[in-house]
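Have the sequence and the 3D view open as you read.

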Amino acid sequence: MVRKLIDKFYKKNDSILLDKTVKVYPNVILETNYGGSIEIGKNCELLYGVILMTYGGKIKIGHSCSINPYTVLYGHGNLTIGNNVLIAGHVLIIPANHRFDDINIPINKQGENRKGIIIKDNVWIGAGCQILDGVIVEEGAIIAAGSVVTKNVKANTIVGGVPAKLIKLRP
């Protein structure tokens, strides 16, 4: 059943490129209706209920990554995920933010900022995390479950909380 779903995605849209080794489980949504593209490397898995929506940007996922159930990845300002990245369930990664500078204009009419998000190699993102626009997560970082990441995360650190702060360095 997983192979059948992958074949279906290859035919869905020229802007979705999945390596033949990618495992796509039921109820996964890969959406590029607003433009943009999705590219997923070798030996990745998208588990039940994962949603990838580009909103005009690019979502690029490296090799040997695991995206666990009910995680939502947006591509607005581009999302790049390196190799060997673990993303637990119920994570939200959104490389965009609504503008709200003018109180005389409704927020939904002011547009968005789109800085993008980069998650480098060998990163573990715990369950229920949210990573917001403009963040770079450096290699080897761990983000504790339930964290909201609003600033860059240094290499080989463990961060957690709301907003996420340094907990300790990895040994």
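## Ground rules

This is a predicted model, so local features need pLDDT of at least 70, side-chain atom pairs count only at pLDDT 80 or more, and totals for chains, interfaces and linings use all residues. Residues are numbered from 1 along each chain as its sequence is written, and side-chain values use heavy atoms, with hydrogens and water left out.

Helices (H or I, at least four residues) and strands (E, at least two) are DSSP runs, numbered from the N terminus. Two strands are said to pair if DSSP finds at least two bridges between them. In general, strands of a sheet pair through backbone hydrogen bonds, either parallel or antiparallel.

Look for Ile-67 here: its bridge partner in strand 11 is Ile-87.

Strand 4 (residues 37-40) runs parallel to strand 7 (residues 58-61), with four bridges between them. Ser-37 has Lys-58 as its bridge partner in strand 7. Over in strand 18 you'll find Val-137, which is buried, with a relative accessible area of 0% (buried means under 20%, exposed over 50% and partly exposed in between, using a 1.4 Å probe and protein chains only). The C-alpha atoms of Val-137 and Gly-57 are separated by 19 Å, and the two residues sit 80 apart along the chain.

## Strand 21 and its neighbours

Strand 21 is covered on both faces: Thr-157 and Val-159 on one side, and Ile-158 and Gly-160 on the other, are all buried. Two bridges join strand 21 to strand 19 (residues 142-143), and these two run parallel. In that pairing, Ile-142 stands opposite Ile-158.

With strand 22, strand 21 pairs in the antiparallel sense over four bridges. Ile-158 turns up again here, standing opposite Lys-168. The hairpin of these two strands has four residues between them, and Gly-161 takes a positive phi near 110 degrees.

## The largest pocket

Which residues line the largest pocket? They are Thr-150, Lys-151, Asn-152, Val-153, Lys-154, Thr-157, Val-159, Pro-163, Ala-164, Lys-165 and Leu-166. Strand 21 (157-160) and strand 22 (165-169) each supply at least two of the lining residues. By class, the lining has five nonpolar, three polar and three charged residues (Ala, Val, Leu, Ile, Met, Phe, Trp, Tyr, Cys and Pro count as nonpolar, Asp, Glu, Lys and Arg as charged, and the others, Gly among them, as polar).

The volume of this pocket is about 180 Å³. On a 1 Å grid over the protein atoms alone, a pocket is an open set of points where a 1.4 Å probe fits, with protein on both sides within 12 Å along at least five of seven lines; lining residues have an atom within 4 Å of a point. Grid points are joined across faces, edges and corners, and the volume is the space filled by probe spheres set on the points.

## Aromatic pairs

Rings of Phe, Tyr and Trp (its six-membered ring) pair if their centres lie within 6.5 Å; planes under 30 degrees apart count as stacked, over 60 as edge-to-face and the rest as tilted. The count comes to three aromatic pairs. One of them is the tilted pair of Tyr-25 and Tyr-48, at 5.3 Å centre to centre and 55 degrees between the planes. This pair links distant parts of the chain, 23 residues apart: Tyr-25 in the loop between strand 2 and strand 3, and Tyr-48 in the loop between strand 5 (45-46) and strand 6 (51-53).

Tyr-48 counts as partly exposed because its relative accessibility is 38%. Elsewhere, ring pairs link Tyr-34, Tyr-55 and Tyr-74 into a cluster.

## Two buried polar side chains

Glu-31 is found in strand 3 (residues 29-31) and is buried, with a relative accessible area of 18%. Its side chain makes a polar contact with the side chain of Asn-33 at 2.9 Å (a polar contact is a pair of N or O atoms within 3.5 Å; within protein, one must be able to donate a hydrogen and the other to accept it, and residues adjacent in sequence count only if both atoms are side-chain atoms).

Ser-15 sits in the loop between helix 1 (2-12) and strand 1. Ser-15 counts as buried, at 18% relative accessibility, and its side chain makes a polar contact with the side chain of Thr-32 (3.0 Å).
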